[in-house]
Every structure is written in C-alpha cells, then in structure tokens.
Amino acid sequence: MTDLGLTILVVIICLVLGLIVCILSGIAGSKHYFVCRNCGEIFRPKWTQMCFNAHVFDEHLLKCPFCKVKGFCGDKGKNFNN
Ligand SMILES: [Zn+2]
C-alpha cells in the first residue's frame with residue numbers, strides 16, 4: 001500500500017469513528033429532557049437533532065417543537081418529572 005493510500009484509509013477510519021461517536025451521543029442525548037428558554041415547555045429532542053447541535057456544558061442549541069424557536073435549552077436529565 002502506498003503512503004497516500006494509507007493516509008486516505010486513516011482519514012476514512014477517523015471520519016467513521018467520529019460519525020459513530022456523534023450518533024451514539026445523539027441517541028444518548030435524545031433520552032434527556034430539555035426546557036425551552038422561550039416558552040418554558042419541556043421536550044425530548046430527536047436523536048438526529050442531538051447529533052449535530054452545538055452545546056455549551058448543559059445548554060444545547062435546539063429548536064423547540066412547541067414554539068419553533070431555536071435557542072439554548074437547559075438539560076434536565078433523563079428522569080425529569082414536573
Ligand atoms: Zn419553546
């Protein structure tokens with residue numbers, strides 16, 4: 001195998017591993033409850049939303065399914081009871 005072929009292989013493996021980590025974290029995140037800063041509703045996002053969103057600590061940039069406003073939502077954890 002040439003050096004170029006090896007480099008391409010390493011890049012592909014990194015991308016695949018990155019994608020797997022992304023999907024797993026998305027699935028884990030979709031089991032959490034989030035509170036909308038705009039309307040105060042509690043919701044659970046789809047895992048696809050959680051895969052590619054930006055987040056700072058427990059604040060995730062999500063689109064609220066109730067008021068349709070995209071903003072930072074606080075993570076309330078897996079077992080949130082209101
Ligand atoms: Zn809302």
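This is a predicted model: local features need pLDDT of at least 70, side-chain atom pairs count only at pLDDT 80 or more; totals for chains, interfaces and linings use all residues.

Trainee: Okay. How many helices and strands does the protein have?

Mentor: There are two helices and five strands. Both kinds are DSSP runs numbered from the N terminus: helices are H or I with at least four residues, strands are E with at least two. Along the sequence the pattern reads α-β-β-α-β-β-β.

Trainee: Is the protein a compact globule or more spread out?

Mentor: More spread out, because its radius of gyration is 17 Å, well over the 12 Å that the globule rule gives for 82 residues. That radius is taken over C-alpha atoms, and the rule is 2.2 Å times the number of residues to the power 0.38. Along the principal axes, the C-alpha atoms fill a box of roughly 60 × 25 × 20 Å.

Trainee: And what share of the residues is buried?

Mentor: Buried residues are 11% of the 82. Buried here means 20 or more other C-beta atoms within 10 Å of the residue's own, exposed means 12 or fewer, and partly exposed is in between, with C-beta atoms placed from the backbone.

Trainee: What about helix α1, does it lie in the open or is it buried?

Mentor: Largely in the open, because the number buried among its 27 residues is one. Helix α1 covers residues 3-29, and its end C-alpha atoms are 39 Å apart, which agrees with the 39 Å it should span at 1.5 Å a residue. The expected span is 1.5 Å times one less than the number of residues.

Trainee: Switching to the sheet. What's the strand order?

Mentor: It's an open sheet of five strands, β2-β1-β5-β4-β3, with antiparallel pairing. The edge strands, pairing on one side only, are β2 (42-43) and β3 (55-56). Two strands count as paired if DSSP finds at least two bridges between them.

Trainee: How many bridges join β4 to β5?

Mentor: Five, with β5 being residues 70-77 and running antiparallel to β4. Lys-63 has Lys-70 in β5 as its bridge partner. On the other pairing, β3 and β4 (residues 59-63) are antiparallel over two bridges, and His-55 stands opposite His-60 in β4.

Trainee: Which residues in those hairpins take a positive phi?

Mentor: Phe-57 does, near 50°, in the β3 and β4 hairpin with two residues between the strands. In the β4 and β5 hairpin, with six residues between the strands, Lys-68 has a positive phi near 60°.

Trainee: I'm curious about the cysteines. Where is Cys-36 found?

Mentor: In the loop between β1 and β2. Cys-36 is buried because 20 other C-beta atoms lie within 10 Å. Leaving aside neighbours within four places in sequence, its contacts include Cys-64, Cys-67 and Cys-73. The C-alpha atoms of Cys-36 and Gly-74 are 7.2 Å apart, though 38 residues separate them along the chain.

Trainee: Last one: is Tyr-33 buried or partly exposed?

Mentor: Partly exposed, because it has 18 C-beta neighbours inside 10 Å. Tyr-33 is in strand β1, residues 33-35. Apart from neighbours within four places in sequence, Tyr-33 is in contact with Ile-42, Arg-44, Lys-76, Gly-77 and Phe-80.

Note on methods:
Residues are numbered from 1 along each chain as its sequence is written. Two residues are in contact if their C-beta atoms, placed from the backbone, lie within 7 Å.
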